[in-house]
Amino acid sequence: TQYEHVLTETRGRVGIITLHRPKALNALDEALMNDVVDAARAFDVDAGIGAIVLTGSERAFAAGADIREMAGKSFVDLTTQGIFGRWDEFTAVRTPIVAAVAGYALGGGCELAMMCDFIIAADTATFGQPEITLGVIPGMGGSQRLTRAIGKSKAMDLVLTGRSIDAEEADRIGLVARVVPADALLDEAVGAAERIASMSLPVAIAAKDAVNTAFETTLDEGLRTERRLFAGCFALDDRAEGMAAFSEKRRANFTHR
Ligand code: HXC
């Protein structure tokens, strides 16, 4: 499929979505959101794809929601039509998604990166929630996902001051999983995605589901969910294959991938 604001490509079992609205530093307007969501859903239902990488340009992952588009909205627009409601479809994607972030990931850009399963950052990456400088607050999950990711004090610092942090600080506070030199970013992210895609896909989806449960609910409920998902793995031939491969000292050759 051809999209206007994203480029898509596949490398083996990895689907790559590249935000491509260079004139506006990948600012997220409705058209870009629709393309990202449609591309991610298309990869999600593609049996040949076992992991997705979402990336931007060298200069910007995304510089936030499109401020020009947002400027024309009213309270009534936001309450009756919502804005950016389709991002819920992005977080409903089952296939694991790795964000590969270089340059600016500000406002909605930072929030979109946090909607992915984990973030690999280039050493050039800048993260922040500058919404308060525009007279608004984060609106695509930033006040919630950032707080759960880095804790109250640090999230308050970023959301109340609107200041940006570099990749090194983002790594130190646990917002990102890895930092790599900018020229190695895509290879590193695709490498991680290839590794995920070599696993049994239903097991990878169960693993994602289990970790997300820790993010979304209580410890008790999370432990019960984990137990059920763990038991569910035993319904798969891939579970038998994985354990047989260990005994036979060979690499597992999973069926469901
Ligand atoms: C619309 C944007 C944009 C944005 C950049 N551009 N960010 N357009 N919305 N969020 C456009 C600029 O207007 C400019 O277009 C072009 O991209 C290049 O940007 P410059 O500002 O010239 O680049 P530079 O000087 O390098 O500065 C980069 C920057 C700055 C620091 C990232 O652009 C910036 O501060 N952007 C806004 C960041 C921000 O506040 N994001 C949060 C948005 S609120 P022209 O046509 O002039 O060349 C948000 C809310 C989410 O995200 C919740 C929604 C529900």
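User: How many salt bridges does a search of the whole structure find?

Analyst: The search finds 14 salt bridges in the whole structure. The model is a predicted one, and side-chain atom pairs count only at pLDDT 80 or more.

User: What makes the contact of R86 and D38 a salt bridge?

Analyst: The pair needs a side-chain nitrogen of Lys or Arg within 4 Å of a carboxyl oxygen of Asp or Glu. For the side chains of R86 and D38, the N to O distance is 2.8 Å. Because the cut-off is 4 Å, the value of 2.8 Å qualifies the pair as a salt bridge.

User: Which parts does this pair tie together?

Analyst: R86 lies in the loop between α3 (75–80) and α4, while D38 is in helix α1 (residues 30–44). The two parts are 48 residues apart in sequence, so the pair ties together separate stretches of the chain.

User: Why are R86 and D38 called partly exposed?

Analyst: The term covers what falls between buried, under 20% relative accessible area, and exposed, over 50%. R86 has a relative accessible area of 22%, and D38 has one of 32%. Both values fall between the two cut-offs, so R86 and D38 are each partly exposed.

User: Which residues are linked with R86 in a network of salt bridges?

Analyst: The network links D38, R41, R86 and E89.

User: Which residues make a nonpolar surface patch, and what lets V136 be part of it?

Analyst: I67, L134 and V136 make a nonpolar surface patch of about 250 Å². A residue of a patch needs over 30% relative accessible area. V136 has 38%, so V136 passes that cut-off. With 38% lying between 20% and 50%, V136 is also called partly exposed. V136 is found in the loop between β8 (126–128) and α6 (142–150).

User: What is known of the largest pocket?

Analyst: About 880 Å³ of space lies in the largest pocket. Its lining has 33 residues, with C116, D117, F118, V211 and N212 nearest the centre. By class, 22 of the lining residues are nonpolar, four are polar and seven are charged. α10 gives the most to the lining, with ten residues.

User: What makes a space a cavity, and how many of 30 Å³ or more does the structure hold?

Analyst: In a cavity a 1.4 Å probe fits but cannot get out, whereas a pocket is open. The structure holds one cavity of 30 Å³ or more, and the largest cavity has a volume of about 30 Å³. K154, D157, L158, R163, I165, E169 and I173 line the largest cavity. Helix α7 (residues 152–161) gives the most to this lining, with three residues.

User: Which classes do the residues lining the largest cavity divide into?

Analyst: Three are nonpolar, none is polar and four are charged.

User: Why is G191 called partly exposed?

Analyst: G191 has a relative accessible area of 31%, which lies between 20% and 50%, so the term applies. G191 is in helix α9 (residues 185–197). G191 and V53 are 138 residues apart in sequence and 10.0 Å apart in space, C-alpha to C-alpha.

Definitions and conventions. Residues numbered from 1 in each chain as written. Predicted model: local features only at pLDDT ≥ 70, side-chain atom pairs only at ≥ 80, totals over all residues. Heavy atoms only, no water. Patch = residues over 30% accessible without salt bridge, like charges linked within 9 Å, V, L, I, M, F, W, Y side chains within 5 Å. Areas by Shrake-Rupley, 256 points an atom, 1.4 Å probe, with all protein chains shown as cover. Helix = DSSP H or I, 4+ residues; strand = E, 2+ residues; numbered from the N terminus. Buried < 20%, exposed > 50% of the residue type's maximum accessible area, 1.4 Å probe, protein only. 1 Å grid on protein atoms, 1.4 Å probe; cavity = no way out; pocket = protein on both sides within 12 Å on 5 of 7 lines; lining within 4 Å. Points joined across faces, edges and corners; volume = space filled by probe spheres on them. Nonpolar A, V, L, I, M, F, W, Y, C, P; charged D, E, K, R; others polar.
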